[in-house]
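Welcome, and please have your viewer open with selections ready to type. We will go from one selection to the next and say what is there.

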Amino acid sequence: MSHPDNNSPQSPAPDSWHRRTLEHKSALFAVLTTVAISVGGLVEIVPLFTVSAGPQAIAEVTPYTPLEQAGRDIYSREGCVQCHSQMVRPFRAETLRYGEWSRAGEYTFDRPFLLGSRRIGPDLHRLGGKYPDVWHYEHMKDPRSTSPGSIMPAYPWLLEDRIDTADVQASMTALSTFGHYTQAEIDAAPAALAKQGEEIVGRLRQSKVENIEADHEIVALIAYLQRLGTDGKKAIKDQVAQTERAQGEAVAAGSAQ
Amino acid sequence: MSREKQDVPMGHSDEADGIEEYDNALPAWWLGLFYFTIAWAVVYGVHYHFVAGRSQAGDYVAEVQAAEARWPAPDPATVAAADPKVLAEAGKAIYMTNCIGCHGPELKGGIGPNLTDAEWIHGGSLAEITTVITNGVPEKGMLTWGPILGPEKVAQVAAFIHAAGGGQ
Amino acid sequence: MTADSPAAAAPRYDDEIVKKFLLATFIWGVVGMLVGAILALQLAWWPANLGLPWTTFGRLRPLHTNAVIFAFTANGLFTGIYYSMQRLLKTRMFNDTLSNIHFWGWQAIIVSAAITLPLGMSQTHEYAELIWPIDLAIAVVWVLFAVNFFGTIAVRKVKHLYVAIWFYMSMVITITVLHVVNNLAMPATLTRSYPVFSGMTDALVQWWYGHNAVGFLLTTPMLGLMYYFLPKAAERPVYSYRLSIIHFWALVFLYIWAGPHHLLYSGLPDWAQTLGMIFSVVLIAPSWGGMLNGLLTLRGAWDRLRSDAVLKFFVVGITFYGMSTFEGPMMSIRAVNALSHYTDWTIGHVHSGALGWVGMSLFAVGYYLVPRLWKRPLHNEGWATAHFWLATIGIVLYVVAMWVSGITQGLMWRAIDDVGQLQYPNFVDTVIKLVPFYWIRLGGGLMYLSGLVLMLVNIGLTIAGSRPDQAINPSPAPAK
């Protein structure tokens, strides 16, 4: 291919290095592009697999129970994450509203993570234990009965549809690849589902909700929502106390000088 | 680079479906912006982590300490002796955050009982309301708020309910 | 292909595939934006959720984002790439069968997405919601496209690669890497799987993906389209080849680092958050390099803006590109992000990029191509101008409403009263306040959508041959 203009007086210079080597050799260009786009991801992601630079584990955090995992799958299916975050930021205005800010180690068994990116509704990471089971039942049935003015849609089908034990076990089997469950726990899932489900149904009955059974989807969802953010609370408390002590000592040392 | 050679075609249009290209110098302000942001990035990163030694956990503790200094927590004796009106004022916000889900923003009840009528299931005195909030009524789904809110906030929200709900 | 093409050039370029992608682009565009309008209505007026599982906001939003990104934008990119790369490389696509598998495979993927997402089948990774069998299909179709793409480069009849091709190449490579890594998962059932990574690592991998899907699907290949279609439409030389080189390499190297800015103040280690923040700010100049090369290329052609719809759309598109590539880095700064994160400000930012940059640029490409592909003048030039104004005013309404709404809510969340407690402890109070802005946003979105409908009708009538008597000269055919 000739470039007649290259030799004309108007032409600034012969082909540049970029043009001669890279643009001419498309394979080299592709390889260099691959290198360029790989560096950032490698530098940022790979260290997270190391103990020192990665998220600090919290020993008290354990996998979800079968019923909670079933509830988590419902949470994913309904797209709750589109409107609700599960990440309390370390600001006083957030901890006043929601509770202790969220630590990385609390998410160890979150597959997938459900941090969210938009709060059309409030953060849910510290929802566990905040309201009684019946609140969640009423709220999913008619959000405006518990939160006047809410723009959340109602989820009446959760009160009718039922979870499938085999389906929950299939999820557990997949998650056992990552060490969430043992085979014994998977085998015992039907009993575990029934037991935790009956506990919730019992509490709902006390609140005069009669027509719900242990395998209704709403029961699984309540189990999950009541678990949210409850693990590792003590570990965080200890950690906070430690940080405050350290800061206090630093301040004291500073003022002493 | 050379300003005098503005808008000189490179003469490669035959290789680009007729699109000609100039090889004009990079605008100085653009280059300056690029260098500035790089310099800023280095300075910020080094300062944040190595000079100021900041972290989000540390920043949070500092924020909370500043708030505590600005709005000091009254000691329990003061709370007990405090003007119920002042307590109730502070209690309103706590009620609106934590209680309306079951008792409603108007205190008219819902999942939980109505707090404005004459009937007080567990007693309507300030002390009785405080006890119910602190210990909860687990069999009815009323949470044990004592450890969640702490005695001071419980006193405040109890004062609010007592005043707004017409307690005895 | 047609009788009025020069005989020598007739079999040279495959324009049939371009036509298919073009029609798919704007038809899916209407679908994706219509779902967006329904979502906007649901936020303003919740009964629009209709009380059915498959019409609730939580299930429909992924449909909207996937349709706009993978159906509207991606089809638009393929339209422009298939048209321009054949001409830039002076060769027909490497393999017509691969082109067609790419087209039909991609449309089948979109249809399967439109079925599975409302059914609640979702991986819940943002913009990677599609379930694992569809992810596999995407990987296969994408690799076939890559083979066709690199095959075409291999058989090119020119020596050097024009800047547009660089940007296309960065997309083909990067999207492959992102898609594969972010979708690594263990299937539980045919419709459900669990990711290999968990917790914060999963979050970082996802936002590495999410941020760079924006970078290498909505930004770099769109710049590639700009580098071809803008100088062609303006009939002006590209301002600076040197600038192209610098900003290309800077952009592809730096973009990847900015993902963690989606996770500021999360459990992600502080050092990773800092990297996400500072690399976002460093991205301003490389991003603006593209804007400068676009706008400065138009020197000497500004007078044509009044009459030429293609240039009008490009100018507004590039302007929004410059605006949102400044806004994004600002929102990545910790102090700003503390206010903007989780609010509608982010939604406004995304839409100034998607409606402003991507949408307007694709409309420009569409108006450029339709007369050339079907070889007849546009049915109605006035409608194109009307489309331009509907779209521009629509975007402004949308973005301003979201700015006001986002900042309002962010400030209400953090408002503290004089005793040190939250001023708005009841979250709903901060939501009700936004409803008026949600109506304005819906209005802006509907204007934008109606402009696109007008374009689609215009294209349809052009193809139907409303003005067949005025056949125009097709794009210049190469000499050999």
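A polar contact here is a pair of N or O atoms within 3.5 Å; within protein, one must be able to donate a hydrogen and the other to accept it, and residues adjacent in sequence count only if both atoms are side-chain atoms. Keep that in mind for the first stop, where chain C and chain B have 19 residue pairs in polar contact (both at pLDDT 80 or more).

A word on conventions. This is a predicted model, in which local features need pLDDT of at least 70 and side-chain atom pairs count only at pLDDT 80 or more, while totals for chains, interfaces and linings use all residues. Residues are numbered from 1 along each chain as its sequence is written, chains are lettered from A and ligands numbered from 1 in the order in which they are written, and side-chain values use heavy atoms, with hydrogens and water left out.

**Stop 1: chain C against chain B**

Select both chains and show the residues in contact (heavy atoms within 4.5 Å). Now pick C:Tyr239, C:Tyr241 and C:Arg242, which supply 16% of the area that chain C buries against chain B, more than any other three residues.

Stay with C:Arg242, which forms a salt bridge with B:Asp23, the closest N and O atoms being 3.4 Å apart. A salt bridge is a side-chain nitrogen of Lys or Arg within 4 Å of a carboxyl oxygen of Asp or Glu, and chain C and chain B have three salt bridges between them.

**Stop 2: the two domains of chain B**

Colour chain B by domain: domain 1 covers 13–70 and domain 2 covers 76–164, with bounds from an automatic or database domain assignment. Their C-alpha centres lie 49 Å apart.

**Stop 3: chain A against chain C**

Four salt bridges are counted between chain A and chain C. To see a salt bridge here, zoom in on A:Arg118 and C:Asp344, whose closest N and O atoms are 2.9 Å apart. Polar contacts between chain A and chain C number 29 residue pairs (both at pLDDT 80 or more).

**Stop 4: inside chain A**

Select A:Arg227 and A:Glu68, a salt bridge with its closest N and O atoms 2.5 Å apart. A:Arg227 lies in helix H10 (residues 217–227) of chain A and A:Glu68 in helix H3 of chain A, so the pair ties together parts that are 159 residues apart in sequence. Helices (H or I, at least four residues) and strands (E, at least two) are DSSP runs, numbered from the N terminus. Across the whole structure, a search finds 31 salt bridges over all chains.

**Last stop: confidence in chain A**

The chain A mean is 88, and 90% of its residues reach 70 or more. Then select residues 1–12 of chain A, where pLDDT stays under 50 and the model has 26 contacts beyond four places in sequence. Where pLDDT is low, the predicted coordinates should not be read in detail.

Definitions and conventions: pLDDT is the predictor's confidence in each residue, from 0 to 100. Buried area is the accessible area (1.4 Å probe) that two parts lose on being put together, summed over both.
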